[in-house]
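Let's take a walk through a protein chain together. Have a look at the sequence and the structure below, and then we'll visit a few spots.

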Amino acid sequence: MTTSWRVRGRTLSTERPLVMGIVNLTPDSFSDGGAFPTVDAAISHAETLLHEGADILDVGGESTRPRAESVDAEEELRRVIPFMRELVQRFPEVPISIDTVKSGVARAAIDAGARIVNDVSGFRLDPAMARICAETQVGVVLMHSRGGVDDMATYAHAEYEGDPMDAVLTELRERVDYAVSQGVARDRIVVDPGIGFAKRPSQSLRVLATLPRLVELGFPVLVGASRKRFVADVTGIRDAAARVHGSVGAAVAAYERGARILRVHDVAATRQALDVADAIRRAGVEG
């Protein structure tokens, strides 16, 4: 299993689970939209996530919730860049990820100090994204998804023949091959199966259950299952912010199946659970 991820100016070890804390600067995200309306409020939240044990912060300015309305680059830049500059100035050693599908936003965020580009379209929606990531030598997250920003988190493209992991593997291989063809180094790539994106709850559960197949591709695996709809489907908890325990359960299950980067809202609970799960795994290896 790959045990490191090269990002701009750094190499991150994945020998222990990494927690990627979510900072949504959107008014309409499914769980915490509008929670951080000012730079100061967002910085305070970021500081809390770091104190709770986040290894990476993932900053986003456009929601991909079901039926979200896309925003233009100018608005996304307005939401993200002032915060990004302040965040990097205050915490220069923290790897910051920009969650965007737009190459112009990615470029501005990288110039402001971002070391990672998390593209939920897997470089499908902006042909310039791969080239910019290659030129700037950032780490990249290639997520499995289908459709555009407005429908990738719906069931509009959730049709699969047989096991959904078969399609996830095929389509992610295509995105990896494309990224490499554009100059992105393989050791800068992380893959994400896209839990909840073009997947019904039963399909998300199946993808999580068969995660070792994705690990076999040879790249670090990131899973973002935090507060997703499948948790509500299993537990009956409809309030997204109340799905903490189910989300932690999903993170631990993903870790045990080979995921090494967990993208989460609830850092403290997830960090504690993963530390215990990791200690148990290491005790087994040492034994």
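Start with strands β1 and β2 (residues 10-13), which pair in the antiparallel sense over four bridges; two strands count as paired if DSSP finds at least two bridges between them. Before going on, note that this is a predicted model, where local features need pLDDT of at least 70 and side-chain atom pairs count only at pLDDT 80 or more, while totals for chains, interfaces and linings use all residues. Residues are numbered from 1 along each chain as its sequence is written, and side-chain values use heavy atoms, leaving out hydrogens and water. Helices (H or I, at least four residues) and strands (E, at least two) are DSSP runs, numbered from the N terminus.

Back to our pair: β1 and β2 make a hairpin with two residues between them, and Gly9 in the turn has a positive phi of about 75°. Across the pair, Ser4 stands opposite Ser13 in β2. In a regular strand, side chains alternate between the two faces of the sheet. Buried means under 20% relative accessible area, exposed over 50%, and partly exposed in between (1.4 Å probe, protein chains only).

Now hop to helix α4 (residues 129-136), where six of the eight residues are buried, among them Met129, Ile132 and Cys133. Just after α4, Gln137 takes a positive phi of about 60°.

Last stop: Ala283, in helix α10 (residues 267-286). Ala283 counts as partly exposed because its relative accessibility is 46%.
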